[in-house]
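Let's take a walk through this model together, with the sequence at hand.

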Amino acid sequence: MNISFDNVHKFGKILFETQLFKHYHFPDMLNYYSENFVAFKQMPSIHEFESTSSYLREFHKKNGQNHLMFILPENKSLNHEFQKYLNLNEYDYSYNELYFIQPEDFPKFTKNPDIVVENVKSETMDTFLQLQFNIDLKFGVDFAKGKQAIYKTNFNNKNWKQVIAYYKGIPAGTLDLIISDTTVEIDNFVVLEHFQRRGIGTHMQKYVIEQFPNHVVILVAEGEGTARKMYIKQNYKCVGYQYEILKIMDDF
């Protein structure tokens, strides 16, 4: 099967579409940058980017949103001229990579009895929510509070599973699973810093594969992040990349 960024879940829904772009909007959480954005269907010229930026700026200004975010087409890079323009206009840009693995390709390993991985249940929901709140605080209190409502909604979604990992009984990591007919996407994959390098992330991925032996497992990793090295070591395959462009508007 063909895996692309089209397989990656989006909370935002298409609000407006042209031949050049799709505008995704997530009114439930306006400060969720990666769910309120414009996705270009083809590489824009600088003039087209400026025009689209003005459109999004006016829309976000009306909604009290202080950011501009754009997603470029899959596997399209920024040329030198575009990079120079973004730098001069104080845009940040980076790229993500899309990985997948067939369950049978995940390497074998010896499980550690100190590590327990399980689906979040009603009786562990409060623990999960507190763990997520602490993780999300790095993006600000308002963001962390907003995500809490999303986690509660997702708990009742039949196409969604929330997973928590414990190390010697202490909450140590979490991830979300987004399930389709053929793929299961790992999202919000976090192992707390002081529990890293103990094999917890590997146990969590193995747990996913054991639950969905007939699904292709997919995930998105930061293109310049360290996690991608782990995925490659675990036999994941990279199938594409996608650039993101972000600007925080102080004058909103």
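**Charged pairs, a helix and a glutamine**

R228 is partly exposed, because its relative accessible area is 22%, and the term covers values between buried, under 20% relative accessible area, and exposed, over 50% (1.4 Å probe, protein chains only). Before going further, please keep in mind that this is a predicted model, in which local features need pLDDT of at least 70 and side-chain atom pairs count only at pLDDT 80 or more, while totals for chains, interfaces and linings use all residues. Residues are numbered from 1 along each chain as its sequence is written, and side-chain values use heavy atoms, with hydrogens and water left out.

What does the side chain of R228 meet in a salt bridge? Its partner is E97, at 2.8 Å from N to O; a salt bridge here is a side-chain nitrogen of Lys or Arg within 4 Å of a carboxyl oxygen of Asp or Glu. E97 lies in strand 5 (residues 92-101) and R228 in helix 6 (residues 227-233), so this pair ties together parts that are 131 residues apart in sequence. Helices (H or I, at least four residues) and strands (E, at least two) are DSSP runs, numbered from the N terminus. E97 counts as buried, because its relative accessibility is 8%.

By this rule the model has four salt bridges. Another one joins the side chains of E210 and K111, also given as 2.8 Å from N to O. This pair links distant parts of the chain, with E210 in helix 5 and K111 in the loop between strand 5 and strand 6 (115-119), 99 residues apart. E210 is partly exposed at 42%, and K111 is partly exposed at 46%. E118 and K121 form a further salt bridge at 3.4 Å, N to O, and K121 is partly exposed at 33%.

Now turn to helix 3 (residues 125-136). Its twelve residues reach 16 Å from first C-alpha to last, close to the 16 Å expected at 1.5 Å a residue, where the expected span is 1.5 Å times one less than the number of residues. Among its buried residues are M125, F128, L129 and Q132. The buried residues of helix 3 pack against helix 4 (141-155), strand 7 (160-167), strand 8 (170-179) and strand 9 (183-191).

Finally, find Q205 in helix 5 (residues 200-211). Is Q205 buried or exposed? Q205 is buried, because its relative accessible area is 1%. Leaving aside residues up to four places away in sequence, Q205 touches F106, I186, F189, M230, Y231, Q234 and Y236, a contact being heavy atoms within 4.5 Å.
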